[in-house]
Structure formats: structure tokens, C-alpha cells
Amino acid sequence: MHVERGGRPVLVDVSVSVSAGTRLGVVGENGRGKSTLLHVLAGTLRPDSGTVSRIGSIGVAEQELAAGDARTVGELIDVELADARAALQALDEAAAAMAAEVEGADDEYAAALDAATALDAWDADRRVDLALDALGAVRDRSRALAQMSVGERYRVRLACLLGAQHDFLLLDEPTNHLDEHGLDFLTAALRDHPGGVVLVSHDRVLLADVATKILDLDPSIDGRPRVYGDGYEGYRAGRSAAMARWEQDYDQHLAEEARLADDLSAAQNRLRSSWRPPKGTGKHQRATRAPSLVRAVNRRIDDLADHAVSRPMAPLRFHMPELATLSGVTLVRAEEVAVDGRLTGPVTVALESGDRLLITGPNGAGKSTLLAVLAGQLEADQGSVRVAANARIGFVAQETPSADRRRVHDIYEARMHQLRHLGLDATVPLRSLGLLSAADTARPLAELSMGQQRRLDLALALAGRPHALLLDEPTNHLSIALVDELTEALDATAAAVVVVTHDRQLRRDLGHWPELVIPGRNEAHKA
């Protein structure tokens with residue numbers, strides 16, 4: 001199938017099949033069309049060419065969930081359990097018809113019983129409740145979704161999908177907003193799911209634990225996506241080998257082009273100098289040999305052009321700018337801070353240049369709240385916060401889908417103008433960061449993928465060369481390659497860095513950093 005957006009190809013020649021027991025991971029750089037592929041598979045977007053066949057029920061978890069959703073938790077549960085509800089109602093109606101001795105009621109009852117059994121409809125609500133508990137989601141069915149945070153809405157929606165036992169699950173970044181317990185539950189639930197799963201994720205641990213196959217949407221030698229077997233490790237090995245072959249074939253193609261160019265030049269020189277083969281060669285052959293050599297070389301050149309090997313596309317590479325330091329100065333000090341209903345204190349944090357801090361804890365503990373307090377975005381109800389004079393703080397909050405229609409370049413230039421107005425000359429050009437292509441910077445922000453919007457968030461935080469960099473779930477929506485590059489850069493920068501994350505691989509990679517564990521509210525009260 002083929003999909004275009006705004007005249008730009010997003011998915012090209014994608015062919016994939018998912019059956020019961022298949023758990024397909026979908027990977028690729030931000031903007032490669034991973035979320036678009038899920039929309040096509042779900043039937044909410046028609047491909048421009050090609051066909052999609054679907055059999056069975058489908059549950060979809062998209063990256064974006066409307067903040068203004070007027071439904072309650074209970075209404076969202078009812079939507080996902082509609083098939084189970086309908087099956088039980090049909091069974092009750094068939095049972096009533098049997099009791100009334102209606103003709104054909106026996107067959108209707110048998111069919112209804114088979115349908116309810118296939119869905120395990122009697123246990124549907126209990127499964128949803130178990131998932132809500134395990135994911136740390138809101139269980140109050142009267143609670144309005146619009147009154148909940150982004151993470152709370154995501155967890156409710158995911159719990160509904162896992163409890164509904166759809167034939168196929170299409171999940172877009174399902175690990176975002178999950179704590180360690182929720183991640184473990186999701187991993188087990190996906191491995192045990194009897195149907196098919198299509199999983200778009202940056203979470204390397206989840207892909208390694210769950211995926212049976214990987215669909216790679218990044219460029220290949222023939223421009224087509226590749227499917228790799230043997231799970232995530234099979235993908236890593238296969239992708240590495242494919243890239244090595246591509247580079248080798250391209251180098252051979254260049255060498256053959258150069259050789260043919262030399263042959264053509266030599267043949268043309270012979271033609272110009274009236275070259276003739278040695279005596280004894282036939283008269284006609286002697287007269288035509290030089291032009292025929294030119295024609296033969298040109299035919300070989302044409303044939304080589306028909307089988308041209310494209311140049312391996314160099315992916316974007318993140319370049320961390322040199323960040324500023326203020327030696328011997330406490331950049332930020334939060335002394336015994338607490339925020340009513342959001343962060344049970346007291347919490348004390350002090351940051352100097354070069355410091356590292358990993359903040360962990362369950363959902364709802366107040367990690368994001370603490371980071372917002374340190375960044376000056378939120379005022380503490382208790383305690384005090386002091387920021388050193390001239391200290392610059394770069395802050396990346398948790399993601400929020402943007403409807404901003406301004407061009408990315410204009411948004412970044414507005415930030416640069418603001419920094420220059422504050423007297424900062426040593427700003428960071430957007431193109432130097434390697435986060436967004438020139439084409440993407442010319443597009444409206446609202447048209448970018450969540451991963452590309454997240455890249456801009458990071459760029460804006462780095463624009464002023466901050467002395468302290470505060471990152472809330474920085475790997476959400478980012479490509480695997482960028483996560484690896486960012487992890488290495490955070491470890492090496494001279495600035496102070498604070499990271500809040502549930503990303504299991506990132507926590508392992510930053511395991512040598514000092515860690516601040518914020519307990520859940522229940523644990524804090526016990527303490």
C-alpha cells in the first residue's frame with residue numbers, strides 16, 4: 001500500500017500481514033509513518049493505493065487522546081466492552097426465547113453461547129478492573145476523562161483495551177505514562193494475548209520482550225520497508241547486515257561508474273584519433289571498430305543506470321551543543337518543598353554544574369511536579385526554591401500534542417529572539433542540533449508527528465545553552481537511534497542534568513547516576 005500526506009509520500013510499498021500469535025513491532029525514525037500505518041490498519045485512514053483486509057475485532061491505542069473528551073471512565077469502558085455486552089444480551093434474549101418455547105430458540109441460544117464464550121464475556125469487567133489496578137489507572141467509573149491528566153487518560157484507555165480481549169491490538173507508544181509495575185503488567189499481557197498485536201514503540205526492552213517480528217520503515221536499498229524475524233535482536237542484526245550490504249553495493253556501483261567513464265573516454269579518444277585495429281583485420285571491421293567500442297561502453301553505462309544503487313541515506317544525528325557552566329555556584333536549590341495534593345514532601349534538591357540526578361517513583365508520586373518546581377513553572381506550597389543569578393534552566397515537560405499552525409522555523413526563531421532580548425548572544429542554531437530536517441522546519445508544527453514535536457521541545461530547551469537541563473520522560477515518542485544518542489550526550493555534557501523516566505533501558509543506562517526515589521503517596525504517609 002501507498003500513503004501520501006500533503007503530496008508527500010509517507011508510506012511506500014508497505015506489505016505486511018498479522019495473524020493470531022504475531023506480535024509485530026514497528027520501528028523507524030520520527031516522521032517515517034509509524035502512526036499513519038496504524039491508522040491505515042485500523043481503517044480510520046484509506047491508503048492512496050493498495051488494499052487492507054481485516055478479520056475480527058480491533059482495539060486501537062493512538063498516541064493522541066483528546067483532552068476535551070466529555071465521556072466518563074465508565075463510558076469509555078462500555079465502548080471497549082460493547083461486543084461483550086452485546087453477546088451477553090443476546091444470550092439472555094435467547095434464553096428467554098427458549099423458556100417461551102419459541103421455535104428455533106435452541107439454535108439461537110447455542111450460537112449466542114458460542115459467541116459469549118469466545119469473548120469470555122462474563123469476565124470482561126473483572127479483566128478491565130484488574131488492568132486498571134495494575135496500570136495505576138483511575139477506577140472511578142463516574143470520573144470525567146476531561147478532569148484527568150494526560151497520563152491518567154492514557155492508562156484508562158489502555159486498561160480498557162487489554163481487558164476487552166480484541167482479536168487484534170494496534171498500540172502506539174503504549175509504555176508512555178506507565179511506571180515499573182505497569183510496564184511489567186503490559187509486557188505480560190501482550191505476551192499472553194492470543195490474538196495479533198501491532199506495536200509502535202521506542203521502548204527497547206518492550207520490543208525485546210514482546211515482538212516476534214519487526215517492521216522497519218527506515219530507508220532500504222530498494223526503498224521498501226523490511227520485515228525481520230527473530231524479534232528485536234533479529235532486527236538489529238538484520239538491519240546492520242542490510243546496511244553493510246547497501247554501502248558495499250553503493251561503493252561497487254561508484255567504482256563501476258568510474259571504470260566505465262574511463263573506458264568511454266578511452267574509446268572516444270581512439271575515435272577522435274582515427275584509431276584502427278592492426279593490419280590483417282577485415283576492411284569493414286577496421287572502419288567501424290572504434291565507433292562500436294563507444295556504443296558498447298554507452299550501452300553498459302545505460303544498463304548500469306537502469307540498475308542504479310541509491311546512496312545510503314544518512315539519518316539525522318543528534319549533536320549536543322556545548323552547554324554552559326557556573327563553577328562553584330549552586331544553580332538551583334529546592335529546600336523541603338511540597339505541593340498540596342501533588343507532591344508529598346518535604347523534598348530537598350541542590351544542583352551544581354556537572355551534577356546528575358535520576359528521579360524515579362510510581363505514577364502519581366509527584367516526579368513531574370518536582371521537576372516543574374525546579375524549573376520555576378510551578379510554585380511550591382511548602383519550602384523554598386532558589387535559582388542562582390544568571391543561571392539558565394532548560395526544561396522539557398511531558399508531551400502535549402500541539403495544534404500550533406506556525407512553522408517550526410518561526411517558533412524556534414521566536415525563541416531565539418526572546419533569548420537575544422534577554423542579552424544572550426551564544427544561542428544554538430536549530431540546524432546544528434541534527435534533530436529536524438530542513439523540510440520539517442518549514443512545516444507547521446501541528447502537521448509534525450508526536451516524535452518530531454518532541455524533537456522541537458528538546459531543541460527549544462537547548463537553544464539558550466542552559467546551565468541545568470531538566471527532562472521529564474525525554475524518550476517518549478523519540479526514535480530508538482535518537483534515544484541512544486541523547487543518552488550518551490546527557491552523560492557527557494558539562495551542564496547539570498536531571499531526568500525523570502520510567503524507560504527501563506534508559507534507567508539501566510543511567511544506573512550509575514545518583515537516584516532520588518519519590519515514594520507513592522501511600523508509602524509517604526506511612527513513612
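**View A. Asp133 and its salt-bridge partner, Arg139.** In this predicted model, Asp133 is partly exposed, since its relative accessible area comes to 44%. Its partner is Arg139: the two form a salt bridge, and the closest N and O atoms sit 2.9 Å apart. Arg139 also counts as partly exposed, at 40% relative accessibility.

**View B. Arg507 and Glu180, a link across the chain.** Here the side chains of Arg507 and Glu180 meet in a salt bridge, with 3.8 Å from N to O. This pair ties together distant parts of the chain, 327 residues apart: Arg507 belongs to helix H16 (residues 504–509), while Glu180 belongs to helix H7 (residues 180–192). How accessible is Arg507? Its relative accessible area is 22%, so Arg507 goes down as partly exposed; the cut-off for buried is under 20%. Glu180 is partly exposed as well, with 44% relative accessibility.

View C. One of the pairs to look for is Arg85 with Asp78, a salt bridge whose closest N and O atoms are 2.9 Å apart. Are these two buried or partly exposed? Arg85 comes out partly exposed at 31% relative accessibility, and Asp78 does too, at 39%.

**View D. The hairpin of S1 and S2.** Strand S1 (residues 3–5) and strand S2 (residues 8–11) run antiparallel, with 3 bridges joining them. Which residue stands opposite Arg5? Look across to S2 and you'll find Arg8. The hairpin has 2 residues between its strands, and Gly6 takes a positive phi near 60°.

View E. Helix H1 covers residues 34–42, and its buried residues are Lys34, Thr36, Leu37, Leu38, Val40 and Leu41. When you look down the list, keep the helix geometry in mind: an α-helix has 3.6 residues a turn, so residues three or four places apart point the same way. Leu37 and Leu41 are both among the buried residues of H1, and Lys34 is on that list too. What follows H1? That would be Gly43, with a positive phi near 90°.

Definitions and conventions. Residues are numbered from 1 along each chain as its sequence is written. This is a predicted model: local features need pLDDT of at least 70, side-chain atom pairs count only at pLDDT 80 or more; totals for chains, interfaces and linings use all residues. Side-chain values use heavy atoms; hydrogens and water are left out. A salt bridge is a side-chain nitrogen of Lys or Arg within 4 Å of a carboxyl oxygen of Asp or Glu. Buried means under 20% relative accessible area, exposed over 50%, partly exposed in between (1.4 Å probe, protein chains only). Helices (H or I, at least four residues) and strands (E, at least two) are DSSP runs, numbered from the N terminus. Two strands pair if DSSP finds at least two bridges between them.
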